[in-house]
Amino acid sequence: MKHFVSMKNLSEHEILQLIKLSDEFNQKEIKPFEKQLFAANLFFEPSTRTKMSFTVAQRKLGIEVLDFSTDNSSVKKGESIYDTARTFESIGASLLVVRHPEDNIVQQLSEQLSIPVINAGDGKGEHPTQCLLDLITIHQEFQKFKGLKVAIVGDIKHSRVARSNAYALTTLGAEVSLSSKTDWQDETMPFPYITIDEAVEHADVIMLLRIQHERHQGQTLMTDEQYLQSYGLTIEREKRMKRHAIIMHPAPVNRGVEIADSLVECERSRIFKQMTNGVTARMAVMYRLLQDGGISHANGFNQRS
Ligand code: CP
């Protein structure tokens with residue numbers, strides 16, 4: 001693996017290996033890399049979970065994090081993302097983590113650089129590390145993917161999380177269906193559409209999505225309550241879910257819009273578990289990229305006593 005920009009590029013074996021590696025980071029303690037390594041986290045869009053869990057993951061691996069913010073960097077003077085990234089490569093960064101509002105820009109950047117590039121979310125394109133932590137969460141719950149029914153529900157058209165998960169879950173043998181308001185459906189995604197009422201009765205995993213207000217051109221002609229009642233997970237709908245079914249959401253959550261406020265931390269919810277899994281998921285991706293790039297980790301794992 002040279003870069004980590006899309007789930008479309010990964011085989012079933014590669015995905016399962018990353019899940020296994022993440023699990024090992026949970027079970028065992030790892031000594032940090034001995035070689036001095038630097039990572040730059042280039043976030044051109046806001047983030048809490050992704051940026052901070054990459055930072056925690058980097059520190060756990062012993063990678064030094066180079067501070068960067070668009071507000072006080074030369075991006076403010078008009079420097080391009082390519083020149084910014086090349087600068088970090090030139091001064092010794094061993095890998096880059098990039099989030100950007102433009103679709104496919106991280107993929108393009110990866111083709112122009114010799115150090116590993118990780119996509120931390122590109123526009124409506126993909127969010128592969130979010131997908132990996134989602135897969136880890138599903139695997140912890142069901143220990144399998146084949147035959148699992150996963151309904152991805154919400155603002156499909158504007159969601160990079162939906163795209164990465166639909167591709168990867170299909171590769172792993174899950175049955176993916178989508179549920180969305182008609183104008184937020186995406187014809188480029190070849191999956192069946194069902195209603196939210198069908199989804200709650202049919203799915204083992206209900207994966208809710210945030211309404212991506214920042215990617216909408218106009219106003220949504222609906223109140224939050226109307227959206228929840230028509231398309232969201234209400235308290236009444238949760239009662240009709242299968243006994244073992246779980247609720248997921250990449251967050252940030254619009255409480256009371258995609259999901260009733262009290263369901264965010266209900267027994268079925270794995271929303272905060274997903275965030276916890278984000279750290280080992282990102283450790284696994286960076287570890288694999290650095291190893292595949294020839295940076296060895298002589299000490300390996302330490303068994304936890
Ligand atoms: N899920 C996710 O990508 O959250 P952030 O935007 O806070 O990183």
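# Questions about a predicted chain

Me: H158 is partly exposed, so how many other C-beta atoms lie within 10 Å of its own?

Reply: This is a predicted model, in which local features need pLDDT of at least 70 and side-chain atom pairs count only at pLDDT 80 or more, while totals for chains, interfaces and linings use all residues. Residues are numbered from 1 along each chain as its sequence is written. A residue is called buried if 20 or more other C-beta atoms, placed from the backbone, lie within 10 Å of its own, exposed if 12 or fewer do, and partly exposed in between. H158 is partly exposed because the number of other C-beta atoms within 10 Å is 19.

Me: Where along the chain is H158 placed, and which residues does H158 touch beyond four places in sequence?

Reply: Helices (H or I, at least four residues) and strands (E, at least two) are DSSP runs, numbered from the N terminus, and H158 lies in the loop between strand 6 (149-153) and helix 6 (160-171). The C-alpha atom of H158 is separated by 8.1 Å from that of G123, although the two are 35 residues apart along the chain. Contact means that the C-beta atoms of two residues, placed from the backbone, lie within 7 Å. Leaving out residues up to four places away in sequence, H158 touches K124, Q212 and R215.

Me: What is the radius of gyration of the protein chain?

Reply: The protein chain holds ten helices and ten strands. Its radius of gyration, taken over C-alpha atoms, can be set against the globule rule, which is 2.2 Å times the number of residues to the power 0.38. For 305 residues that rule gives 19 Å, and the chain is close to this, so it is as compact as a globular protein of that length, with a radius of gyration of 19 Å.

Me: What is the handedness of the unit made by strand 4, helix 4 and strand 5?

Reply: Two strands pair if DSSP finds at least two bridges between them, and strand 4 and strand 5 pair in the parallel sense over four bridges, with L96 having V117 as its bridge partner in strand 5. Strand 5 (residues 117-122) is mostly covered, since six of its six residues are buried. A crossover is right-handed if, with the strands pointing away from the viewer, the path from the first strand over the helix to the second runs clockwise. The β-α-β unit of strand 4, helix 4 (residues 105-112) and strand 5 is right-handed.

Me: R99 is in the UniProt "binding site" annotation, but is R99 buried or exposed?

Reply: UniProt positions follow the numbering used here, feature names are shortened, and annotations may be inferred rather than shown by experiment; the "binding site" annotation, from an unreviewed entry, also includes R49. R49, found in helix 2 (residues 49-60), counts as partly exposed because it has 16 C-beta neighbours inside 10 Å. R99 lies in strand 4 (residues 95-100) and, beyond four places in sequence, is in contact with residues including T50 and G121. With 23 C-beta neighbours inside 10 Å, R99 counts as buried.
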